Amino acid sequence: MTLTPELAESDIEEYLRVHEQKTLLRFITCGSVDDGKSTLIGRLLYESKLVFEDHLEALQTDSKKVGTQGGELDLALLVDGLAAEREQGITIDVAYRFFSTDRRKFIVADTPGHEQYTRNMVTGASSADVAVILVDARKGILSQTRRHSYLVSLLGITKVVLAVNKLDMVGYSEEVTRTIEAEYRQFAEGIGLEDITCIPVSALKGDNITVPSPNTPWYDGPTFIGFLETVEIEAAEQARAFRMSVQWVNRPDLDFRGYAGRITSGVVRPGDRVRVLPNNQVSAVQRVVTFDGDLDEAVAGQSVTLTLADEIDISRGDVLAAAEDAPGVADQFEAHLIWMGEKEMLPGRPYLLKVGSRTAGATVSQLKYKVNVNTLEHTAASSLELNEIGVGNITLDRPIPFDPYETHRETGGFILVDRLSNNTVGAGLLHFALRRSENVHWQTMEIDREARAALSGQRPQVVWFTGLSGAGKSTIANTVEQRLHAFGRHTYLLDGDNVRHGLSKNLGFSDADRVENIRRVAEVASLMADAGLIVLVSLISPFEAERQMARELIGSDQFCEVFVDTPLATAEERDVKGLYGKARRGELTNFTGVDSPYETPRFPDIRLDTTQVGVGEAADQVIEFLRDQGTFEL
Amino acid sequence: MATLTHLQRLESESIAIMREAVSESERPVMLYSVGKDSAVMLHLAMKAFYPGLPPFPLLHVDTTWKFRAMYEFRDELVAKLGVDLLVHQNPDCINQEVNPFTHGSAVHTDLWKTEGLKQALEKHGFDLAFGGARRDEEKSRAKERVYSVRTSQHRWDPKQQRPELWSICNARKHRGESIRVFPLSNWTELDVWQYIYLQDIPVVPLYFAAPRPVVERDGTLIMVDDDRMPLAPGEEPELRSVRFRTLGCYPLTGAIESRAETLPGIIQEMLLTTTSERQGRVIDHDASGSMERKKQEGYF
């Protein structure tokens with residue numbers, strides 16, 4: 001299996017020629033520490049001569065000192081270097097290891113640890129071609145075997161190796177192997193895994209890893225490495241319809257305009273008709289440009305630059321696709337979501353979605369259910385915690401080209417990014433566009449926000465008062481409105497308490513409901529601003545994410561965030577509505593400041609310190625700000 | 001049906017990483033150390049933006065103590081390719097004449113390279129820097145991500161590292177933060193050399209064996225590259241056929257005795273060394289290993 005040092009020694013040119021022709025395979029190993037995962041990976045590194053002699057000496061010493069094999073070589077120690085780092089608090093999601101044989105280079109995604117397992121495994125599986133599911137022959141199929149297999153299936157890996165390990169511990173029993181295999185196949189079929197190769201191995205002793213083991217004469221299938229060296233993966237990738245997401249519009253001079261990207265599926269040749277999405281224009285490929293010369297054909301996996309026969313407007317993030325077999329374009333989808341953030345996912349909260357090279361604003365409009373990864377049961381859910389998986393509807397702020405994840409991983413898989421921390425907090429798999437996405441259109445209106453506002457001689461504006469309950473938001477907002485009214489301005493005050501009686505009557509005070517409440521108020525405020533009004537919003541709005549969402553929805557230049565800054569102790573002391581008392585007595589839950597957080601605005605347009613200024617003075621400050629902004633003139 | 005070789009795949013992936021990173025940053029830069037990994041990274045950048053040139057400058061954080069051959073090679077290559085090169089030398093180090101002999105290798109490297117890099121990034125306002133680190137360099141790098149987010153103080157916050165799925169990169173950052181991107185993450189040392197061989201990529205001649213003046217100190221062969229090198233009484237440089245596995249500041253880089261004068265020759269030596277030579281050259285191995293480590297502290 002391995003490139004022998006002898007060949008490198010006797011004929012290096014030949015060695016390099018062989019090495020050059022190798023293909024690449026990525027696989028993920030799934031199993032817990034006890035299944036012998038580290039031993040298996042250590043064995044692969046060892047067999048492919050990647051362990052230097054000086055390392056080997058150290059390994060022999062370590063094996064005697066801390067090994068678990070009674071002083072014999074403990075191959076697991078070759079890869080178990082991560083424990084110390086975990087103690088240091090460094091998050092390790094996936095470790096990547098490399099080894100190669102005569103035929104292939106391999107990249108192994110190794111996902112250590114029990115906690116965070118879903119997040120780690122999903123990350124590792126997203127780029128794997130093959131999954132290796134390790135089962136301890138003594139224990140058989142465990143609930144974690146099922147969990148791993150479900151994630152493998154969810155992430156669209158179709159080829160699975162069921163490695164029945166530690167066969168030496170059960171006397172190389174054929175019966176044990178067959179029983180485990182039969183049970184696994186039955187389960188796997190139910191979750192859509194069909195292409196399964198069962199290989200009986202002992203990673204520790206090396207049985208059936210590189211050469212057929214004399215201990216298993218009853219087994220006539222491939223060895224572990226033999227299978228990985230020959231399993232076909234590229235044909236399927238290339239047989240799919242052509243897709244390339246435009247990463248970079250290359251315009252070095254006026255004579256050249258090329259679209260650079262990596263082909264994610266299919267094949268492309270000069271003359272091929274391609275469709276450009278989401279704008280849905282058709283042209284033909286003129287040249288397939290690379291540094292090494294133009295190509296007659298480029299295939300999935302290659303980075304190229306395409307020029308087209310027609311001058312059409314294409315930007316980064318657009319998708320070039322086979323003209324007759326192109327992706328759909330939509331802004332509402334059903335998708336699987338895998339949550340990876342420390343903060344829970346709340347429907348209605350704005351995130352950024354990135355698929356291919358395209359980014360769009362996204363919210364989960366409805367969470368339908370979450371999946372118990374151990375039992376595969378569906379349960380109702382209003383949010384997703386770290387490592388939870390659910391199915392829901394995603395709504396975007398613009399239409400994007402997409403494919404179902406099942407057919408095109410790279411145009412159907414997406415990440416969700418938190419808008420405040422910029423962290424990647426979720427991953428998702430697009431399945432299909434919702435029908436209403438295709439049937440709901442925008443009606444163009446001739447009279448717009450500016451036209452309506454011009455008639456009343458004012459600029460529309462949303463003034464968003466945020467702060468703790470009892471901070472004085474409504475009192476100040478009321479005073480501001482009275483003054484504006486006296487100036488003859490057209491206004492409306494949306495009050496948090498009042499909308500609860502109508503618009504948001506069906507919502508409670510959980511985080512998820514608060515997010516939805518704010519979304520509704522922001523939408524209504526936006527409509528009112530469209531109508532030309534100066535809108536005052538008085539709402540606790542405790543989360544920065546939603547205040548940011550409101551700002552973006554309405555437009556930053558017509559949005560003014562007023563932080564009514566009253567310390568909790570002061571607000572509680574006032575307790576005009578008696579709510580703090582109730583909350584402290586436990587009669588009211590999810591009360592902001594008591595048992596629900598308030599995220600202090602970091603960059604408000606106006607900060608009103610109510611311990612320093614009275615209502616009148618506070619209102620003056622707001623009026624002055626609006627006048628400076630040009631909202632109205634006196 | 002065409003089948004891509006592993007090097008074609010690695011090449012395409014690295015190109016995709018570069019195009020994506022450049023598109024999502026305001027002021028990208030490529031760290032260029034004149035070594036073999038930098039050579040491959042620069043070659044990939046030339047490919048990624050062809051027929052245009054890479055839309056970013058190269059940045060060499062210089063210590064003034066590199067081999068003369070490295071400076072010659074660097075300047076010739078940059079002129080030939082027509083790319084922009086910025087050279088930064090920490091002015092504090094120039095003033096205080098920081099050098100490996102009086103200040104020791106740790107202080108020397110930290111001030112020239114680590115501090116120098118921070119200065120250069122801040123001076124030019126770079127928000128994204130490509131580096132040539134690979135995951136196979138040592139066991140602990142296996143978990144490193146392609147994108148590494150740094151705070152405005154250039155600190156690496158392990159809690160803020162982002163999961164990387166499919167080939168989607170998340171390059172979003174706050175003002176003042178920057179991102180290091182490692183397009184060669186999935187390349188091994190053998191891949192790098194093989195690619196250099198296949199693509200005929202020019203590398204510094206120091207990688208090839210030639211007669212060079214060296215002195216032996218604590219079992220390590222140090223090349224006497226210029227007259228700044230203080231010689232002990234009675235110490236005489238002697239001409240030996242040597243080459244270098246890694247390149248850095250000449251007084252800190254151990255040479256190995258070798259007759260490998262061609263790329264296949266040095267690849268052969270590398271492959272066979274792993275099974276025989278390294279254990280016999282523990283000190284040399286440690287020396288090159290610690291160079292790698294310094295490189296990481298400094299650059300990564």
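1. Which residue just after helix 5 of chain B takes a positive phi? Gly125(B) does, with a phi of about 70°. (Helices here are DSSP runs of H or I with at least four residues, numbered from the N terminus.)

2. Before going on, a word on the numbers. This is a predicted model, where local features need pLDDT of at least 70, side-chain atom pairs count only at pLDDT 80 or more, and totals for chains, interfaces and linings use all residues. Residues are numbered from 1 along each chain as its sequence is written, while chains are lettered from A and ligands numbered from 1 in the order in which they are written.

3. Take a look at helix 5 (residues 100-124) of chain B: its end C-alpha atoms span only 28 Å, whereas a straight helix of 25 residues would span 36 Å (1.5 Å times one less than the number of residues). At Ala106(B) this helix bends by about 75°, the angle between axes fitted to the seven residues ending there and the seven starting there.

4. Now find the buried residues of helix 5 of chain B, among them His108(B), Trp112(B) and Leu117(B). Buried means that 20 or more other C-beta atoms, placed from the backbone, lie within 10 Å of the residue's own.

5. Chain B has domain 1 (6-200) and domain 2 (205-297), with bounds from an automatic or database domain assignment. In chain B, 22 residues of domain 1 are in contact with 20 residues of domain 2 (C-beta atoms, placed from the backbone, within 7 Å). Helix 3 (68-81), helix 5 and helix 6 (189-199) of chain B each supply at least two residues of domain 1's side.

How values were computed. Buried ≥ 20, exposed ≤ 12 C-beta atoms within 10 Å, placed from the backbone. Contact = placed C-beta atoms within 7 Å.
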